[in-house]
Every structure is written in structure tokens, then in C-alpha cells.
Amino acid sequence: MNNCKQLAKELRREIVVSSYGTGKVGVHIGPALSLADFLAVLYGGVMNIDPSNPFKEGRDRFVLSKGHAYTALYSVLSLRGFFSTMEYHENFMTDGGLYPAHPIKQLDKGIECSTGSLGMGLSFAVGKALNAKKKKLDYKTYVVVGDGECNEGSTLEAFVSAVQYKLDNLIVFIDHNGYQQDGMTSEIMNFSFADTLGAIGCKVVEIDGNDTEAIINALENRPINGKPLVIVGHTIKGKGVSFMEGVNSWHHSSMNEDQYKQAMEELK
């Protein structure tokens with residue numbers, strides 16, 4: 001687990017490199033940078049996964065419900081050896097390529113679920129966690145949802161289902177960076193994740209979502225009490241690149257050469 005901070009740095013660099021490599025085509029870079037620490041911890045040692053055996057039944061499942069952060073998922077999977085970085089770059093957002101804008105299910109490459117239509121991923125993850133309960137399998141299901149995505153009614157329904165079926169093998173990260181495509185989440189639909197989800201029966205903890213040690217601590221102290229765990233991670237959109245941090249225009253954009261050079265310098 002000591003390598004999580006380093007993996008987070010490498011992951012952010014890879015997000016920037018792959019995003020710039022698309023040329024003038026816009027990429028959802030801000031949302032990917034904000035949740036990089038979640039993925040660094042999960043893929044840096046927490047999850048039971050094996051790139052050489054991606055189909056094994058006992059593997060932990062990961063679902064990026066926030067599918068528009070695809071560069072973060074592709075990047076961490078390439079860094080962990082599910083496929084090569086060269087293959088990723090050559091096939092990223094190309095006509096007929098394997099890694100389009102929003103993930104498609106490819107179990108051989110570590111992608112459990114096609115996502116992008118917001119509000120669907122958590123329901124899929126609930127189904128995976130329920131499957132483990134029914135079949136008495138010990139794998140865990142991890143899912144990342146966006147704070148703006150929580151406006152979707154299906155997301156709340158999925159949380160209620162997780163409570164109903166006592167899915168304490170389900171761990172949900174909310175990437176609470178405070179922004180969504182159309183503006184600040186607090187101005188579009190303002191409610192407390194902790195109060196709302198705690199009231200329906202989830203176990204909720206709030207942490208600094210860009211602190212790998214805080215993420216690890218939240219997972220290591222996860223109670224097995226019949227309640228799904230929701231980790232509300234307060235993050236910074238565009239984390240790691242100064243001119244992107246907290247700037248919502250980087251929700252979906254492209255870098256020029258000078259911006260790319262500055263971002264890579266800052267991520268040394």
C-alpha cells in the first residue's frame with residue numbers, strides 16, 4: 001500500500017499524456033484528475049485482481065459509474081498491466097479503437113461494465129454485490145459515482161436497494177468535487193450526501209478524497225454490519241494541475257502545447 005501516492009502521481013501524468021494525445025479533440029480531463037487517488041488506492045493493493053487472470057470468479061469488481069472519467073480508468077488499467085500503455089495510446093478515441101470516450105465492457109481488459117449514461121453504474125454494481133451474497137462468494141464490489149450523477153433518481157433507488165439487501169460487500173465512492181457539467185453541484189441540486197444516505201441506512205464517512213492515506217484508513221476501518229459503505233470524498237476537480245484545479249471549463253476540454261508542457265512539469 002506504500003506505493004499508492006506514487007501510483008496516483010503516475011496516474012495523473014498518464015491522464016494528461018493520453019488526453020493531450022487526442023489532439024484537438026476534447027477530453028473529460030478535470031473529472032478524471034479529481035478521482036485519481038481513489039483508483040490509485042484500489043488498484044494499488046486494495047482490490048483482489050490479477051491482470052493475468054481477469055476472468056477469475058473471485059476477483060473484486062470495480063465499476064466506474066462516472067464513465068466520463070474514462071481516461072483515469074484506462075490509465076490505471078494500463079499501469080497495472082491489463083494492457084500495454086502503447087496499445088492504449090494507439091487505440092484511444094480512434095475510429096474502431098478499443099478505448100472509446102466512455103468505457104465498454106471488456107473483461108479481458110479489466111473493464112467490468114459499459115458506462116457513460118449517468119445513473120446506471122451503481123445499479124449494475126448493486127447487482128454484482130447481490131450476486132456475491134446469493135452465491136456466498138467473498139468478492140467485494142467497488143464503484144465510483146460523481147456528485148452530479150447523484151441527481152439521477154436511479155442512483156438513489158440503487159442506494160435503497162443496497163440497504164434493503166444488506167450489501168456490506170459494496171463500497172461506493174462519491175467523487176464530490178463540487179462541480180458538474182452545467183455548474184456547481186450546490187447550485188444545481190443541493191443536498192447532504194451524508195445526511196441523506198445515512199438516513200436510508202448506509203454507513204457514510206466523509207474524507208479528503210485526494211488523500212490516499214485517508215482513503216486507505218476509511219477502507220481498513222470498514223464495518224461489516226449489513227450496511228453498504230459510502231465514502232464521500234471531497235476532491236478538487238482537475239487536481240494536480242494548477243490551471244485546471246477548480247476550473248469547471250476543464251470538465252471537457254483540450255490542451256495546447258504550452259498547457260501540456262506546464263501540466264507535465266507540475267506533475268514531475
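**View 1. Parallel pairing of strands S6 and S7 in the predicted model.** Strand S6, comprising residues 203-208, pairs with strand S7, comprising residues 229-234, in the parallel sense over 6 bridges. Within this pairing, lysine 203 stands opposite leucine 229 of S7. The chain leaves S6, passes through helix H10 (residues 212-220) and reaches S7, forming a right-handed β-α-β crossover.

**View 2. Packing of helix H1 against helix H3.** Two packed helices are described by the angle between their axes and the distance between the axes. For H1 and H3 the angle is about 125°, and the axes are 8 Å apart. The two helices are therefore oblique to each other, and H1 passes H3 in a right-handed crossing. On the H1 side, the residues involved are Cys4, Leu7, Ala8, Leu11, Arg12 and Ile15. These meet Ala36, Asp37, Leu39, Ala40, Val41, Tyr43 and Gly44 of H3.

**View 3. Burial of helix H3 (residues 36-46).** Of the 11 residues in H3, 9 are buried, so the helix is largely enclosed by the rest of the structure. The buried positions are Ala36, Asp37, Phe38, Leu39, Ala40, Val41, Leu42, Tyr43 and Gly44.

**View 4. Valine 25 in the loop between helices H1 and H2.** Valine 25 lies between H1 (4-20) and H2 (29-34). Its relative accessibility is 42%, and valine 25 therefore counts as partly exposed. Apart from neighbours within four places in sequence, valine 25 is in contact with Met93 and Ser254. Between valine 25 and leucine 79, the separation is 54 residues in sequence and 23 Å in space, C-alpha to C-alpha.

Key: Residues numbered from 1 in each chain as written. Predicted model: local features only at pLDDT ≥ 70, side-chain atom pairs only at ≥ 80, totals over all residues. Heavy atoms only, no water. Pairing = 2+ DSSP bridges. Helix = DSSP H or I, 4+ residues; strand = E, 2+ residues; numbered from the N terminus. Right-handed = clockwise from strand over helix to strand, strands pointing away. Buried < 20%, exposed > 50% of the residue type's maximum accessible area, 1.4 Å probe, protein only. Contact = heavy atoms within 4.5 Å. Axes fitted to C-alpha atoms, helices over the stretch in contact; angles between N-to-C directions. Parallel < 35°, antiparallel > 145°, perpendicular 65-115°, else oblique. Left-handed = near helix turned anticlockwise from the far one by under 90°.
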